[in-house]
Amino acid sequence: MKNTSETIVILGMHRSGTSTIARILASIGINMGERIMGANESNPFGHYENLDFVELNDEILINAGGSWKKPPPKITILESETEYKDKIVSCIERNKASIWGWKDPRSCLTIDLFHKHLDNPKYIICYRNSQKIAESLFKRERIDFETGINLANYYKNEITEF
């Protein structure tokens, strides 16, 4: 039987427009998940981050010795593939629909673990000027400008390598 499911993954650094793209996809009927991070002061229309993926990605990054703000080495993330395979497959199966997707900027760091388990994956890449991202990160979280630029460039590099 032919698989008709399609997966749309939005990849982009925090503050790069990923929430806007996810909101547009949700508005045209693409299932972006049941447990979605809502609005707050820094994102009044909502983050549209699927909390199933956020929580799993946070766990993977912490286990690898880092976080979204302090990315662990890629090799450390990749070494956790066997350990997280069942959780990744379960997360995907819980959220899967005929046309579905998710947005979580942390996925830029972990997407290699998820990719092989996705049906017909399509990727939407969000790029924004690194200086603008750094300014936004400073405004939202007081992350210093140089750290913000370095993070933005690191995430862009991870997307490019993927």
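**View 1. Packing of helix α7 against its neighbours.** The buried residues of α7 pack against β1 (6-12), α3 (74-78), α5 (107-115), β3 (121-126) and α6 (130-141), contact meaning heavy atoms within 4.5 Å. These residues are Gly148, Ile149, Leu151, Ala152, Tyr155, Lys156, Glu158 and Ile159; buried denotes under 20% relative accessible area, exposed over 50%, and partly exposed in between (1.4 Å probe, protein chains only). The model is predicted: local features need pLDDT of at least 70 and side-chain atom pairs count only at pLDDT 80 or more, whereas totals for chains, interfaces and linings use all residues. Residues are numbered from 1 along each chain as its sequence is written, and side-chain values use heavy atoms, with hydrogens and water left out.

View 2. Helix α7 comprises 17 residues, 145-161, and its first and last C-alpha atoms are 24 Å apart, close to the expected 24 Å at 1.5 Å a residue; the expected span is 1.5 Å times one less than the number of residues. Helices (H or I, at least four residues) and strands (E, at least two) are DSSP runs, numbered from the N terminus. The N-terminal end of α7 is capped by Asp144, a side-chain oxygen of which lies 3.3 Å from the backbone nitrogen of Glu146.

View 3. Most residues other than glycine have a negative phi. Asn120, in the loop between α5 and β3, has a positive phi of about 45°. Asn120 counts as partly exposed because its relative accessibility is 35%. In the loop between α6 and α7 lies Arg142, whose phi is positive and near 60°. With 58% relative accessibility, Arg142 counts as exposed.

**View 4. Surroundings of Glu49.** Glu49 belongs to the loop between α1 (18-27) and α2 (51-63). Its relative accessible area is 4%, so Glu49 is buried. The side chains of Glu49 and Arg106 are joined by a polar contact of 3.3 Å, that is, a pair of N or O atoms within 3.5 Å, where within protein one must be able to donate a hydrogen and the other to accept it, and residues adjacent in sequence count only if both atoms are side-chain atoms. Leaving aside residues up to four places away in sequence, Glu49 touches Arg35, Ile36, Met37, Val54, Lys103, Asp104, Pro105 and Arg106.
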